[in-house]
Structure formats: structure tokens, C-alpha cells
Amino acid sequence: MGVETSAAWQALNVHCDSGAGSTHLSQLFEDNTRTERFSIELDEMYVDFSKNRITDETLGLLFNLAKQQDLSGWIKKLLCGEKVNDTEDRAVLHTALRAQGMGVDCFAKEVQPLVAEQLAKMGKIVDKIRAGHWRGYSGKPITDVVNIGVGGSDLGPLMITNSLQTIKSPVNLHFISSIDGTQTSNLLKKLSQETTLFILASKSFSTIDTLSNAETAKDWLREKVKSEKTLLAQHFLGVSTKPDMMTEWGIPPENQLVFWDWVGGRYSLWSAIGLPIALQIGMDGFSELLSGAHLMDSHFGTAPLEKNIPVLLGLIDVWNVNFLGIHDKAILPYDARLKYVPSYFEQLVMESNGKSVNRAGERVQYKTCPVLWGEVGPNAQHAFYQLLHQGTQPVMCDFIAPVERDDFDMSSHAEKDESLSYQHELAMANCFAQSRVLMLGDDAIPDALKAAFDSPFKHYPGNQPSNTILLKTISPKTLGMLVALYEHKTFVEGVIWEINSFDQWGVELGKLIAKETHAAIKSVALAEKFDASTASLIKRITK
């Protein structure tokens, strides 16, 4: 018997069918106290969830569902290091990576010394590189650092460093993830062997994408560096859970940073995988990032369900997906620095909750993970907002924006910053206007313009639900809070859906079959055991 047959779930079905599911948002906003009641502030983050098709009764029923599913108990299990990843028999301790010794009973105290040891080692490496004391084979300081990784070993550091690009780094950071070689080739043409350092980042140290790119980097260095020992000691760092495999590959122990199998790849930016982040913003900045995430962890672990931001947003997504039938979610940041945030959340959410089997191994009879996609808001407005406003399917949206810019002062409107301030105001105006029109539809049109919109081609249904998340600024602290919020919100949804949010067997199968297919490309006779289509494709590229 799944959650869909439970009393709390059935009560939500009845509530939805009795009119809650068909009430338009414009009607709900006839209540002038709605936004005050359906918004919450935590430190430098403000979350407005009032533009969702919910009422106090809806929330009450969702909290009943959370209590029935023992959400509070699961939160405690997660934060205290119990093995919530039951299919892999592992604890999930990414929260321990950012506790920085502040955990008391929870946050898995026993692993704190391990975390502190690696942070200290990472700090020494970071300081040495940023100070210009890490030298290449010719004695010149390292000026360019290339992170070679894929998935969680690439996207998290890429997203954070791009978001914090206004913090100037003494080294240039680059990222390689594509297996096809184009990205690697194009980048290496612009760099010098004398001053380039590579970070080989791989949790398993067996990912073919990463290792093939690393071999290409090694071959490129060999063009100038004749000593293999010098090449590896002065131009490679390794980050993995497999120190023995890093050593076998040739990376000396002093150039290795480790993390642990209780850190999922998509949660690993808080570990030594975050080395590029620390190179960008320094170890003090990295500590602020961890502190922001820990602030959200503490809120998640202590706030009552009714005032708990990840719980509220997670439950609202469950309502949208399972009762309102909304199966798409758009992530819409209104600042170009947050360009990679949608991609990062796509991986975080869909790799976590893209499951169709519950913890008991039974196929679920209800929808789980929505499909996520997104883009920087002003760009998206000229791309897919047409579908949001007038398409045939409902889409829930998360708008994300900074209240202030950290590279100019909106309040002072100093002459040198006036144009940038004006642009920021325009971005915020577009952000708020778009969520308003998605909510109200035709009711957002001013009376003076209604005649001009009196056409079926200019009809806007509205009633598209959304959240608006405002950050004081884009800073290490607020980014830490934001990412941790989405991590925990995703876990909340997994608890309600009775799925394990921390394995990724679908990803693992793809890697396995890719290796088998590569063997067939190298020896075409092996392709005969494949299906006709795959065999034909292999033969076509090997002619």
C-alpha cells in the first residue's frame, strides 16, 4: 500500500476535487493578508510563496501528510547521520561538510575531524596557488587552473564560481566536462603548459569522461614537460574518494584531497570538490559559503513544519505535482551571474527524485519528480515565456533575484553606478511583472489597455503558480543558503513520495553500458550481440 492510499493523501484529493484545485489565483488574492501569511524571511533570504494555489486549509492538510510520513523523524535521521540512503547502505552527510564544528548532537560529530583535516589541507593548497607560490615546471607561477570533472564534480563548482564572478581571483579558472574533446581542445589552445594546473575531480576515479580528458591534458603537458614526475607533481591535483587510484594514476599524495562515499556527487561542492570555489573566493569566502548552508541546515532541523522554508516549498511542490497535475518546473534567476543555477538544480532535483520505485522496491502509482528547466529570466522572456503565458500545459516557476547588487550601491545612486542601477531596477521590474502576469493573466491588464487586448490571440489565462526567492545580495552566504534550501526541499519531496533521494542507479547503468558499447566500437564483431539499431550505428562510424 503506497502513500496515495493513505488517509492524509485522500483528504487532499477530496480537498482538491471540492474546489481548491479549480480556484483561480486572482480570487485567492482578494484576501489582502495573503502575502503576509504566505511568506517567510530567514536572515538574508525572503521567500514569497503566496502565488501558489493554496489556502490555509491546503497547508493544514499538507502538514498532516508530512506528519503521517514522519517527515520530522526523517529530517532528524538525515541530519544525525543515519543511513537514509538505504539502497546503498550509506549515511548522507553533506550537512556535516558545512557544520564547521558547530554540530552538537547531530551533523555526525564523528566525521568532523576528517572534514576539518581536509579543509586544512585544501586551505594550504589554495593559499599557495593564490599567492603565486605554486610553480609550474619552468618555475613560473600558476596563472590558470582547469577543473576536469563531470556532473557533481563540475556543475557545482562551475555554478558557484560563475555566480561569484565579481569576486576577483588571482588565477583564471576553467572547466572541462565534455567527453567529445572539443571543449578540451579549444581551451588548451589558449593556455600555456608553463602556467597551467589541472584539478582531476572524480568521486569514483573511474568516470571515463573525466579520465579521458585528463589523459588528453597529460599528453598536452608532455609536449613541453619531459619529466613525468615533474609533470604530475607540479601540474596535477586530484580530488576523489579513492586515494589509492589517484596514486596509481600518478598524482602524489601531497597533491591529493579526499572526500567520502557518504557525500553524493551532486552534494559534493561543500567538500574538496569545491577547490575551484575556494581558489575563486579564498578560504574565508568558502567558509562563508559553508556557513550559509549550515544556517539553512539548522533552520531545517529546528524550525516547526509550519515555519520551515524547505518543508513549505517541498510540500507545495507535492501539491502542485500530485493534486493539481503540474509536472513541469521552471527555474528563473533574474541575474546573469546565476546563469548555471537552473542547470545545477536540474541535476540536484531530477537525479535525486527521478525515481519510479519506492523504498520497498515497489513501483509507485503516482507522479514523483517534475521536469525542471530554466534560463536567466530576461533571456527566457524572449524564448519560452510564450509557453508559460499562453501554452497548453501548466508550469510552476521559481523566480530568484538579488535585492541589491554587490558591485554597486543602488541606494546611493552614485553617478558612476546610475546606469547599472537602472538596469538592475529593470531586471527586478521584469521579474515581479512576469510572476504577476503568470498569476493574474488578463486581470493584470490595466483598464486603459483592455480594449487593445480584446482578442482570443491576446488572452492570458494566468493561474500559473510560482515562488519568489529574494536574496539580499549574491554572496557566498546567500548562495550557501539557496543551494541548501533546494537540497532539503528535494529531500522533503522524496520523503512524501517514499523514494530514496540519494541513489542514482539510472546514471550508473548508463556508464556501464557505455563501456560495453565502447568495446564494441573498438572491436566491431562485439556489436553483433546488440540490437539491430545500435549495431548498425556502430558499424556506420567504424567504416
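**Core, pockets and a helix**

Start at isoleucine 469, which touches Met45, Tyr46, Val47, Leu313, Phe399, Ile400, Ala401, Leu482, Leu485 and Tyr486, leaving aside residues up to four places away in sequence. Contact here means heavy atoms within 4.5 Å.

Before going on: this is a predicted model, where local features need pLDDT of at least 70 and side-chain atom pairs count only at pLDDT 80 or more, while totals for chains, interfaces and linings use all residues. Residues are numbered from 1 along each chain as its sequence is written, and side-chain values use heavy atoms, with hydrogens and water left out.

Ile469, with Phe49 and Phe345, has the most contacts inside the largest nonpolar core, which has 117 residues. Domain 1 (14-80 + 303-497) and domain 2 (94-279) both contribute residues, so this core lies between them. Another core, of 22 residues, lies apart from it and includes Leu187, Phe236, Met246 and Trp249. By nonpolar core I mean buried Ala, Val, Leu, Ile, Met, Phe, Trp, Tyr and Cys residues joined through side-chain atoms within 4.5 Å. Buried is under 20% relative accessible area, exposed over 50%, partly exposed in between, with a 1.4 Å probe and protein chains only. Domain bounds come from an automatic or database domain assignment.

Now the pockets. A pocket is an open set of points on a 1 Å grid over the protein atoms alone, where a 1.4 Å probe fits, with protein on both sides within 12 Å along at least five of seven lines; lining residues have an atom within 4 Å of a point.

The largest pocket holds about 700 Å³ of space. It has 31 lining residues, and Lys203, Ser204, Thr207, Glu508 and Lys511 are the closest to its centre. Which helix gives the most to this lining? H20 does, with seven residues. By class, the lining has six nonpolar, 14 polar and eleven charged residues.

The second largest pocket has a volume of about 340 Å³. Among its 17 lining residues, Tyr334, Asp335, Ala336, Arg337 and Arg405 lie nearest the centre. H18 gives the most here, with four residues.

Last, helix H8 (residues 155-163). Eight of its nine residues are buried, so H8 is largely enclosed by the rest of the structure. The cover over those buried residues includes strand S4 (172-176), helix H13 (275-302), H15 and helix H19 (476-497). Helices (H or I, at least four residues) and strands (E, at least two) are DSSP runs, numbered from the N terminus.

Terms used. Points joined across faces, edges and corners; volume = space filled by probe spheres on them. Nonpolar A, V, L, I, M, F, W, Y, C, P; charged D, E, K, R; others polar.
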